[in-house]
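Q: I have a chain open here and have not looked at it before. Can you take me through it?

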Amino acid sequence: MDVQRMLIFREIARTGSIAAAARALGWTQPAVSQHLRHLERQAGTPLVLRRPRGVQLTEAGRALLRHADAIATRLQAAAADLEAMVQLRAGTVRLAAFPSAGATLVPAAMSLLADRHPGLDVRLRAAEPPQALALLAAGEVDLAITFTHAGQSPPGNGELTRIPAGHDPLRLVLPPAHPHAGPADTPLDLRALAGDTWIGGCERCTAHLLQTCELAGFTPDIRHGTDDYVLTQALIARGLAVGLLPQLALDAARDPRVVVRPALDVRPRALHVLHHREAEQIPAVRGALRAVLDIASA
């Protein structure tokens, strides 16, 4: 199959219409339509269904898109390899990371990468794991830093490479006047907080909190919900609730008015770095990946 036509088809699939693809490519709409017709003749089956407001991929179209994405990634890898050879480690790497990693691991990794490869252009987008994976799948970022709670399925699919990047312990956060506020280095059983008011986090974190408490034998009274760990600690500091926060969130912004204790029998969340299989061939991505993993294992 013609590689250029597959890339044109990929643009049609990404933009959702022939007209939008033509604008993105700087071509005329009839020229894009003609290339699509030629590709469909080669495939021997329709790849899209024409709709009044765009196109819808057929099953064959979805299958071909996976190969077109792989070709695009390989072509990007080839171009980046050549650029790196000519410009001595020049290149761009785009990261997506959940907020607490973006405030802790990523700045340290970016600083390390700047020391190792000062010519690299590193760009960060904050995104919770589902959004980070969507950005990665769409080709808008090169690396996605994500997490999963114990018992959850690891992120990604067969198209992606997933690399473990350590663990992030979960801590109980209490008001200073709480009866179980100390000692700070002694693990606290969740059941001791069964009668307290709780703060939930993002949708996935709240689901994990519910599951964890139910395993401990009670259903938490979740009165508040926010994925802002600064706000969470401010509410707790005022005695309005208790919470379960990851250590990275506390490292990013620790409110001195709260008390933090280890949670007994609560497993940490697992951290992962994901990328397309071919992307590690790109020097900038490979260098950024090594920096992230080096910081995560430090």
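Q: How many helices and strands does the chain come to?
A: The chain has 11 helices and 12 strands. Helices (H or I, at least four residues) and strands (E, at least two) are DSSP runs, numbered from the N terminus. This is a predicted model, in which local features need pLDDT of at least 70 and side-chain atom pairs count only at pLDDT 80 or more, while totals for chains, interfaces and linings use all residues. Residues are numbered from 1 along each chain as its sequence is written, and side-chain values use heavy atoms, with hydrogens and water left out.

Q: What does the C-alpha trace span, and what share of the residues is buried?
A: The C-alpha trace spans about 75 × 45 × 25 Å along its principal axes. Of the 298 residues, 45% count as buried. Buried means under 20% relative accessible area, exposed over 50%, and partly exposed in between (1.4 Å probe, protein chains only).

Q: And what share of the contacts is between residues 24 or more positions apart?
A: Among contacts with a separation of 6 or more, 71% are between residues 24 or more positions apart. Contact means heavy atoms within 4.5 Å.

Q: OK, start of the chain. Is methionine 1 buried or exposed?
A: Methionine 1 counts as exposed, at 52% relative accessibility. It is found in the segment before H1. Leaving aside neighbours within four places in sequence, methionine 1 is in contact with Met6, Leu39, Gln42, Ala43 and Leu64.

Q: How do H1 and H2 pack?
A: Helix H1 (residues 3–15) and helix H2 (residues 18–25) pack at an angle of about 120°, and their axes are 8 Å apart. Axes are lines fitted to C-alpha atoms, for helices over the stretch in contact, and angles run from 0 to 180 degrees between N-to-C directions.

Q: Which residues meet there?
A: From H1, Ile8, Glu11, Ile12 and Thr15 meet Ile18, Ala20, Ala21, Ala24 and Leu25 of H2. The residues of this contact divide into seven nonpolar, one polar and one charged. Here Ala, Val, Leu, Ile, Met, Phe, Trp, Tyr, Cys and Pro count as nonpolar, Asp, Glu, Lys and Arg as charged, and the others, Gly among them, as polar.

Q: New topic. How many aromatic pairs are there in the whole structure?
A: A search finds two. Rings of Phe, Tyr and Trp (its six-membered ring) pair if their centres lie within 6.5 Å; planes under 30 degrees apart count as stacked, over 60 as edge-to-face and the rest as tilted.

Q: Why is the pair of phenylalanine 98 and phenylalanine 147 edge-to-face?
A: The planes of the two rings are at 75°, so the pair is edge-to-face, with the ring centres 4.9 Å apart. Phenylalanine 98 is in the loop between strand E3 (91–97) and helix H5 (99–102), and phenylalanine 147 is in strand E5 (residues 143–148), 49 residues apart. Phenylalanine 98 is buried at 1% relative accessibility, and phenylalanine 147 is buried with a relative accessible area of 1%.

Q: What about tryptophan 198 and phenylalanine 218?
A: They form a tilted pair, 6.5 Å centre to centre with 35° between the planes. Tryptophan 198 lies in strand E8 (residues 197–200) and phenylalanine 218 in the loop between helix H8 (203–215) and strand E9 (221–225), so the pair ties together parts 20 residues apart in sequence. Tryptophan 198 and phenylalanine 218 are buried.

Q: Back to phenylalanine 147. Where does the charged end of arginine 204 sit?
A: It sits over the ring of phenylalanine 147, 4.9 Å from the ring centre. The charged end of arginine 269 also sits over that ring, 4.1 Å from its centre. A charge sits over a ring if NZ of Lys or CZ of Arg is within 6 Å of the ring centre and within 35 degrees of the ring normal.

Q: Now the prolines. Where does proline 175 lie, and what does it touch?
A: Proline 175 lies in the loop between strand E7 (170–174) and E8. It counts as buried, at 9% relative accessibility. Not counting residues up to four places away in sequence, proline 175 touches Ala181, Ile236, Gly239, Ala241, Val242 and Val259.

Q: Which residues does the cis peptide bond join?
A: Glycine 182 and proline 183, with omega about 0°. Proline 183 is in the loop between E7 and E8.
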